[in-house]
Amino acid sequence: MIKTILQTALVFLSLLIFNNAYSQNVQIELGPDEIGLNETFTIKVTLSNDKIKSYDQFPEIPSFQKQGISQSSSMNLINGQMSSSNSIIQYYKPTKKGDFTLPSFDILINGQAYSSSGKTIRVGDASSSSSSRSQDPFANFFGRPSQTEEPEFVELEDDAFFSLAVDKEEVYVGEGFNLSLAFYMSEANQAPFQFYEPGRQLDEILKKVKPSNVWEENYNITNIEPEQVTINGKRWTRYKVFEATFYPFSEGEIEIPRISWEMIKYRVAKNPTFFGANRQEDFKTFISSAKTIKVKPLPPHPLKNEVSVGEYQLRENIKDIEVETGQGFDYNLGISGVGNINAIQPPKRLPGANLNTYDPNVRQQINRGYGRVSGIKEFNYYITINEAGEIKLGDHFEWIYFDPVREVYDTLKPQAVVRVVGESKVNQALSNQRLGGLYDRIDVEDNRFLNEQYKYYFTTAINVLLLASVILLAVLIIRKK
């Protein structure tokens, strides 16, 4: 009994191993050794019982041009057992006659590497007939004549464009403008497109696009996702590849040149077949228009080189509070709105007695989206008041900024009121402070009176010596003459 169970287990394990090995079977088929100048060479990769989820670039062949990729799949059901295969075919077109070597290569299929030893390909004169030309095995079955010539590819008209867009063509110094790069396709577009090395292209583009002498807030687009937008009543699919908001530091003009963007545009077969290559890889370059942004100086103001620019509001964590004299409390003041949040400076502290504070703790939050930068910058103060009374914090803090929408300077002041009760702590506060200077030397200096008579005699002797020196110098000069 035990022997029978062991035999059954071994048989099952063998079948499992065999099935797994079979399901991972990959075959690489190379085209013929000799082809005509007007024929194509192929590299075919076939995966059995699994889908091709990912694959690496096919190798380059000297003096051959890649002509596109086609995919095919098949399924068989024999004696109740189902098997399937998926294939990818890379087509190559020779550019001249001669003997050329396809070196050994590795190709990744679903993350696993498979090797081929390569071969030598002889390209001869153009041939009038060739077995390598595509043929539809089902043509006769459907009553169509067998296709014995290479498929003819045509380019479809496209309804697409590449755009460099800015939301403002005129800004003030410190005011932000949004810049975005995107590829657009209309809903009626029939031409098949695919992105071609967007990361590499974007690195080169940003060297030309990014202006100097600005602060940049990058939206950090990592995935190119489709968005549905409407432009002049027409629906488009937009693919953003870059977006940022720039804040100029100085006046002048910012010139953004025309930008080129390359896409893979497939040519489609005029008479598609079941197994043949029904589309051919090609490229199309789109060019955006140039942009110029004028940067204007801020209107005259004593603080025009220091203020923030944007649309802001002031937020407080208290409106009305009662504290005792000398008792500290936390006061949180936030500046929120749309603009360069990083550039916001602490509110100005106005001079005033009886209110003591220290440098604030700072916290900020920045949001980038919907074509603008917004957020809040908070300043947390620890405040003590030593005299009883009603204190309006608006008399002690203010924050000045420039609003580019209204084109005016504005001042934000707190509305909070602090009611202070209790005895005065002013003298206690002074006694706790280190006055320094003369007051620090009181306890260590001698308190006896000095004898001013010795000081008088010393001063007189010095004056007599100086007078004698002048007389002696005058006598020497006279005698010399």
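1. Gly-389 sits opposite Val-420 of strand β32. The strands β29 and β32 (residues 417-421) run antiparallel to each other and share four bridges; two strands count as paired if DSSP finds at least two bridges between them. Strands here are DSSP runs of E with at least two residues, helices are runs of H or I with at least four residues, and both are numbered from the N terminus.

2. The model is predicted: local features need pLDDT of at least 70, side-chain atom pairs count only at pLDDT 80 or more, and totals for chains, interfaces and linings use all residues. Numbering starts from 1 along each chain as its sequence is written, and side-chain values use heavy atoms, with hydrogens and water left out.

3. The pair β29 and β32 belongs to an open sheet of three strands, ordered β23-β32-β29, with mixed pairing. Its edge strands, each pairing on one side only, are β23 (320-324) and β29 (389-392). On average, neighbouring strands in this sheet are turned by 25 degrees against each other, direction ignored (axes are lines fitted to C-alpha atoms; angles run from 0 to 180 degrees between N-to-C directions).

4. Another open sheet of three strands has the order β12-β21-β18, again with mixed pairing. Strand β18 pairs with β21 (residues 291-296) in the antiparallel sense over five bridges, and Ile-254 has Ile-293 in β21 as its bridge partner.

5. Gln-201 is part of helix α2 (residues 198-209). Its relative accessible area is 8%, so Gln-201 is buried (buried is under 20%, exposed over 50%, partly exposed in between; 1.4 Å probe, protein chains only). Apart from neighbours within four places in sequence, Gln-201 contacts Tyr-196, Ser-260, Trp-261 and Glu-262, a contact being heavy atoms within 4.5 Å.

6. Helix α4 (residues 452-480) contains Ile-462. This residue counts as partly exposed because its relative accessibility is 37%. Ile-462 forms a nonpolar surface patch with Phe-458, Leu-465 and Leu-466, with about 430 Å² of accessible area together. Patch residues have over 30% relative accessible area and no salt bridge; like charges are joined within 9 Å, and nonpolar side chains (Val, Leu, Ile, Met, Phe, Trp, Tyr) within 5 Å. A salt bridge is a side-chain nitrogen of Lys or Arg within 4 Å of a carboxyl oxygen of Asp or Glu.

7. For the protein chain, the secondary structure comes to four helices and 32 strands. Of its 481 residues, 36% are buried.

Note on methods: Accessible areas come from the Shrake-Rupley method with a 1.4 Å probe; for residues, only the protein chains shown count as cover.
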